[in-house]
Amino acid sequence: MSAINCIEKLITTSLPLERLRFCFVDENKRPFKINGEMARPNKIEDFFSLSEIAESDKIMDYIGIGISIQASNIFAIDVDHCFKQYGEIAVEDDRAWDILKMFQRQLKTQ
């Protein structure tokens, strides 16, 4: 999925995009700022809003976009290895179900 495809997919979700911060990523998943320099994962200022990423003249140079968990003030759980077929959420294994059930219980108690 290219950087442009990633952006198109993000704008069709219900995520609060105004608070999320992004960077470009290359084929080796290395992060880059909108000016083409390497992004430093521990530097919030190296990550940008989705509109800034989309307007960058470097957008065609990268394979995708990455999100900064720290700069976006969100948390994430990496579950991509919890699926029998990569990228197919319909084929989750028991580990994925265990994680999803934890969140379902938490949402019911709120």
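A residue is called buried when its relative accessible area is under 20%, exposed when that area is over 50%, and partly exposed in between, with a 1.4 Å probe and protein chains only. At 11% relative accessibility, Phe32 therefore counts as buried.

This structure is a predicted model, in which local features need pLDDT of at least 70, side-chain atom pairs count only at pLDDT 80 or more, and totals for chains, interfaces and linings use all residues. Residues are numbered from 1 along each chain as its sequence is written, and side-chain values use heavy atoms, with hydrogens and water left out.

The pLDDT is the predictor's confidence in each residue, on a scale from 0 to 100. Its average over the chain is 79, and 74% of the residues score at least 70. Helices (H or I, at least four residues) and strands (E, at least two) are DSSP runs, numbered from the N terminus. Confidence in the chain is highest in strand E2, at 96, and lowest in helix H4 (residues 94–109), where the mean is 69. Where pLDDT is low, the predicted coordinates should not be read in detail.

The nonpolar interior comes next. A nonpolar core is a set of buried Ala, Val, Leu, Ile, Met, Phe, Trp, Tyr and Cys residues joined through side-chain atoms within 4.5 Å. The largest such core has 13 residues, and those that touch the most other members are Ile7, Leu10, Phe22, Phe24, Leu50, Ile53 and Ile65. Two or more residues each come from helix H1 (3–11), strand E1 (22–25) and helix H2 (50–55). Apart from this core lies another, of five residues, including Cys23, Val25, Phe47 and Ala71. In soluble globular proteins, nonpolar side chains tend to be buried together.

Contact here means heavy atoms within 4.5 Å. With residues up to four places away in sequence not counted, Leu50 touches Ile7, Leu10, Ile11, Leu17, Phe22 and Ile65.

Next come the aromatic rings. Rings of Phe, Tyr and Trp (its six-membered ring) pair if their centres lie within 6.5 Å; planes under 30 degrees apart count as stacked, over 60 as edge-to-face and the rest as tilted. A search of the whole structure finds two aromatic pairs. Phe24 is in strand E1 and Tyr62 in the loop between H2 and strand E3 (64–67), so the pair links distant parts of the chain, 38 residues apart. Both Phe24 and Tyr62 are buried.

Tyr62 also pairs with Phe32, in a tilted arrangement with 5.1 Å centre to centre and 35° between the planes. This pair, too, links distant parts of the chain: Phe32 is in strand E2 (residues 31–32), Tyr62 is in the loop between H2 and E3, and 30 residues separate them.

Not counting residues up to four places away in sequence, Phe32 touches Cys23, Phe24, Asp26, Glu37, Met38, Ala39 and Tyr62. Phe32 and Ile65 are 33 residues apart in sequence, with 8.9 Å between their C-alpha atoms.

The charged side chains form the last part of the picture. A salt bridge is a side-chain nitrogen of Lys or Arg within 4 Å of a carboxyl oxygen of Asp or Glu. Side chains of opposite charge can pair when their charged atoms come close. The structure holds four salt bridges. One of them joins Lys33 and Glu37, with the closest N and O atoms 3.0 Å apart. Lys33 counts as buried because its relative accessibility is 13%, whereas Glu37 is partly exposed, with a relative accessible area of 43%.

Lys33 forms another salt bridge with Asp46, where the closest N and O atoms are 3.8 Å apart. Asp46 is found in the loop between E2 and H2, and at 2% relative accessibility Asp46 counts as buried. The side chains of Asp46 and Arg40 also meet in a salt bridge (2.8 Å, N to O). Arg40, at 38% relative accessibility, counts as partly exposed. Salt bridges that share partners join Lys33, Glu37, Arg40 and Asp46 into one network. Leaving aside its neighbours within four places in sequence, Asp46 is in contact with Phe22, Lys33, Met38, Ala39 and Arg40.
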